[in-house]
Amino acid sequence: MGAELVRYAVSDAIAEITLDRAPVNALSIALIDALLEALRKARDDEQVRAVVIASAHKVFCAGLDLDIVRGKRATETKGFLERLYFALNDIQYRMGKPTIAAVDGPARAGGMTIAISCDMVIAGDGATFGYPEIDVGLIPALHFVQLPRLVGKHQAFGPLFLGDPFDAATAFRMGLVSEVVPKGTALERARAIALRLAAKSPIVMKIGRDAFMRAVDADYRRAVENAAESFALVASTEDCQEGLNAFVEKRPPKYTGR
């Protein structure tokens with residue numbers, strides 16, 4: 001496990017997975033791999049009965065490291081897509097034990113993917129959320145599948161296509177997070193919920209969660225694969241590369257429609 005990127009600890013039958021890539025947990029391939037490894041470790045440990053994902057920094061996760069797609073061909077983004085779009089979904093689907101995201105700071109783009117992949121999201125009231133991909137020439141393709149299913153078409157379209165951040169109260173109103181707690185207490189609350197879940201019968205929890213995942217899946221994997229193709233297609237456009245370069249160079253983008 002990339003110990004310098006993800007911390008892993010088990011206490012009271014709860015596995016705590018802490019993202020630790022300063023300063024904002026930007027998603028590199030290495031960080032995603034370390035997260036996936038930690039989740040597999042928790043899944044395979046019979047002593048672990050619940051999982052909490054949190055951040056070691058003020059930001060939960062700012063999304064992908066732009067170097068993953070900047071200046072790359074569509075085929076070169078495949079490794080990223082396979083990890084964040086497919087592997088994360090597959091591991092969470094077959095985890096067999098509850099997972100909780102503790103979000104006490106900004107979560108954006110791929111950070112939203114990580115948080116929403118969990119069964120519950122506990123947000124501090126200072127947390128913010130958002131899908132800024134559209135403003136750098138990308139699309140939040142996975143969330144075209146995920147977000148409308150969670151909050152409905154009309155609630156989802158604005159955040160996805162305007163790119164504006166929104167606060168924890170709005171996220172709760174939309175149905176995107178499970179609870180909003182005072183700033184700085186999301187991890188404490190997530191631990192408390194995890195302890196209650198861990199006290200349940202592990203075999204009943206596994207059978208029940210598996211049934212729950214099947215009930216809410218609704219052909220999710222196929223839809224995600226289609227979203228991944230759209231992401232790769234957009235990443236190969238001139239406008240996408242211009243948007244990424246403009247963001248890095250701190251200037252307005254000059255889109256051409258190609």
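What follows is a chat about helix packing, cavities, a pocket and some backbone angles.

Mentor: Ground rules: this is a predicted model, where local features need pLDDT of at least 70, side-chain atom pairs count only at pLDDT 80 or more, and totals for chains, interfaces and linings use all residues. Residues are numbered from 1 along each chain as its sequence is written, and side-chain values use heavy atoms, with hydrogens and water left out.

Trainee: What makes α1 and α2 roughly parallel?

Mentor: Helix α1 (residues 29–44) and helix α2 (residues 78–93) pack at about 20 degrees, with axes 10 Å apart. Angles under 35 degrees count as roughly parallel, over 145 as roughly antiparallel, 65 to 115 as roughly perpendicular and the rest as oblique, so α1 is roughly parallel to α2. The axes are lines fitted to C-alpha atoms, for helices over the stretch in contact, and angles run from 0 to 180 degrees between N-to-C directions. The helices themselves are DSSP runs (H or I, at least four residues; strands are E, at least two), numbered from the N terminus.

Trainee: Which residues make the contact of α1 with α2?

Mentor: On the α1 side you have I29, I32, D33, L36, L39, R40 and R43, and on the α2 side G79, F80, R83, L84, A87, L88 and I91. Contact means heavy atoms within 4.5 Å. By class there are 9 nonpolar, 1 polar and 4 charged residues in that contact; Ala, Val, Leu, Ile, Met, Phe, Trp, Tyr, Cys and Pro count as nonpolar, Asp, Glu, Lys and Arg as charged, and the others, Gly among them, as polar.

Trainee: And why are α2 and α3 called roughly parallel?

Mentor: Their packing angle is about 15 degrees, again with axes 10 Å apart, and therefore α2 and α3 are roughly parallel to each other. L84, L88 and Q92 of α2 meet G110, T113, I114 and S117 of α3. That contact splits into 3 nonpolar, 4 polar and no charged residues.

Trainee: What makes something a cavity and not a pocket?

Mentor: On a 1 Å grid over the protein atoms alone, a cavity is a set of points where a 1.4 Å probe fits but cannot get out, while a pocket is an open set with protein on both sides within 12 Å along at least five of seven lines; lining residues have an atom within 4 Å of a point. The count comes to 2 cavities of 30 Å³ or more. The largest cavity holds about 90 Å³, and Y85, A109, G110, E133 and F231 are nearest its centre among 13 lining residues. The second largest cavity, at about 30 Å³, is lined by M112, A115, I116, V121, F129, L176 and V177. Its lining is 7 nonpolar, no polar and no charged.

Trainee: How many residues line the largest pocket?

Mentor: There are 27 in the lining, with I116, S117, C118, L150 and V216 nearest the centre. The pocket's volume is about 650 Å³, and α2 gives the largest share of the lining, 6 residues.

Trainee: What makes the peptide bond between A22 and P23 stand out?

Mentor: It is cis, with omega about 0 degrees, and P23 is in the loop between β2 (14–19) and α1. Most peptide bonds are trans, and most residues other than glycine have a negative phi. N25, not a glycine, has a positive phi of about 55 degrees, and A13 has a positive phi near 70 degrees.

Conventions. Grid points are joined across faces, edges and corners, and a volume is the space filled by probe spheres set on the points.
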